[in-house]
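Reader: I am new to this structure. Please show me how to read a few of its features.

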Amino acid sequence: MTDEPILTVENLKTQFFTEQGVVRAVDGISFDVYPGEIVGLVGESGAGKSVATSSVMRLVDNPGEIVGGEITYKNKTLVGFERAGDELVPRDEMLTNEEMRTQVRGNEIAIIFQDPMESLNPVYTIGHQLKEFILLNRELDKKAAREEAITMLREVGIPEPEERFDDYPHEFSGGMRQRVLIAMALACQPELIIADEPTTALDVTVEGQILELVKELQEEYGTSFLWVTHDMGVVAEICDRVNVMYLGEIVEQATVDELFYETQHPYTNALLNSIPRPDQTIEELVPIKGVMPEAINPPSGCRFHTRCPDAREVCTEIEPTYSEITTYDGWPHNASCLKHEDVGYDVSEPIENEARKGTEGTEVVQ
Ligand SMILES: Nc1ncnc2c1ncn2[C@@H]1O[C@H](COP(=O)(O)OP(=O)(O)OP(=O)(O)O)[C@@H](O)[C@H]1O
Ligand code: NI
């Protein structure tokens, strides 16, 4: 851990101002990404993963707004506030929208979304789009851009890229299209790629191939990744470190081995029990019971107390502090659970909740 992180997110808060109320989609999360790392952001649907990544890119949809926190990418302030009277206002060094567009998005940080059809234009050929993208972001002439596009298609495992160059997106399979998006992201030589569930729509075999490809490319180019998924299996496959998100908060963060073998948070445990493992049969899988509450009015105390199999009285009253439990190999292992705090968890009464009532379980799918 000698390097500095390339991305640091501190106490980020992003909210949506809706007619029903304020949706606290991201509610004070902190994490970082070091050079060459693949860092996971994992959690059920609605946890706030996509809002977190779009906040990093400063692409939060209306009526959403980043209302607090700091995001630093290398020496650039992507998000930073200072107090002016009662208000928080952007600091001078915070990049403008124009600077985000010209200096950060695409060339420094690229993003890959779940649905390639949303990112690819159906009326232009794959090659044309890739070439135009390269021309826009790199100082290459047309011929060199075409060659680079073909090289990148080959790099991401498109067979016979010269011939496939003139195909339209609909002539590619889902997996192939996702490879094209990876090629597009890589073509700008970014240092960080944010991938928001890019393999979720693919079948497991194709997903496995894409994950293999990402690992290879990561080794070849040293690119860092922030990998968003709801699937702990994917985390195990490619991530170095992982952040577990629940209802707008990161509840546990550690290296992958630590997280899997020294799990500290009951939610992480529940996520791990709900995925297929080689040592378990499908029947042994335990879906997480109950549903995630609304982010407009999160539960008091620990937000997971309504579904936590270990919840006690005290968990409904005291908000756990996210803190370092141990370190492993120089990496912190953080979690927020009252079991690790000196607040009387041991003497508190277990509570009736969705986990104990035998409520119908909801599978962790999105
Ligand atoms: N445009 C919006 N307006 C209002 N609320 C929103 C908007 N976009 C997201 N949210 C809310 O923010 C919260 C987090 O959503 P987000 O899309 O980040 O979840 P996610 O973890 O990415 O889930 P998924 O796995 O389904 O993609 C949810 O409660 C969602 O309803
Ligand atoms: Ni999402």
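Reader: Is N11 buried or exposed, and why?

Author: This is a predicted model: local features need pLDDT of at least 70, side-chain atom pairs count only at pLDDT 80 or more, and totals for chains, interfaces and linings use all residues. Residues are numbered from 1 along each chain as its sequence is written, while chains are lettered from A and ligands numbered from 1 in the order in which they are written. Now the rule: a residue is buried if 20 or more other C-beta atoms lie within 10 Å of its own, exposed if 12 or fewer, and partly exposed in between, with C-beta atoms placed from the backbone. N11 counts as exposed because it has 11 C-beta neighbours inside 10 Å. N11 sits in strand 1 (residues 7–18). Helices (H or I, at least four residues) and strands (E, at least two) are DSSP runs, numbered from the N terminus. The phi of N11 is positive, near 50 degrees, and N11 is not a glycine.

Reader: What is the phi of E197, and where does E197 lie?

Author: E197 has a positive phi of about 50 degrees, though it is not a glycine. Its place is the loop between strand 9 (192–196) and helix 8 (204–221). E197 is buried, because 22 other C-beta atoms lie within 10 Å.

Reader: How do I read two packed helices?

Author: Take the angle between their axes and the distance between the axes. Axes are lines fitted to C-alpha atoms, for helices over the stretch in contact, and angles run from 0 to 180 degrees between N-to-C directions. Here, helix 4 (residues 126–137) and helix 5 (residues 142–155) have axes that come within 9 Å and cross at roughly 120 degrees. Helix 4 and helix 5 are therefore oblique to each other. Angles under 35 degrees count as roughly parallel, over 145 as roughly antiparallel, 65 to 115 as roughly perpendicular and the rest as oblique.

Reader: Which residues of helix 4 and helix 5 meet?

Author: Contact requires C-beta atoms, placed from the backbone, within 7 Å. From helix 4 come G127, L130, K131, I134 and L135; they meet K142, A145, R146, E148, A149 and M152 of helix 5.

Reader: Which residues of helix 11 are buried?

Author: In helix 11 (residues 266–273) they are P266, Y267, T268, A270 and L271. These pack against strand 3 (38–42), helix 9 (232–238), strand 11 (241–246), strand 12 (249–255) and helix 10 (256–261).

Reader: Which residues does a cis peptide bond join?

Author: N62 and P63, with omega about -5 degrees. P63 is in the loop between helix 1 (49–56) and strand 4 (64–73).

Key:
Two residues are in contact if their C-beta atoms, placed from the backbone, lie within 7 Å.
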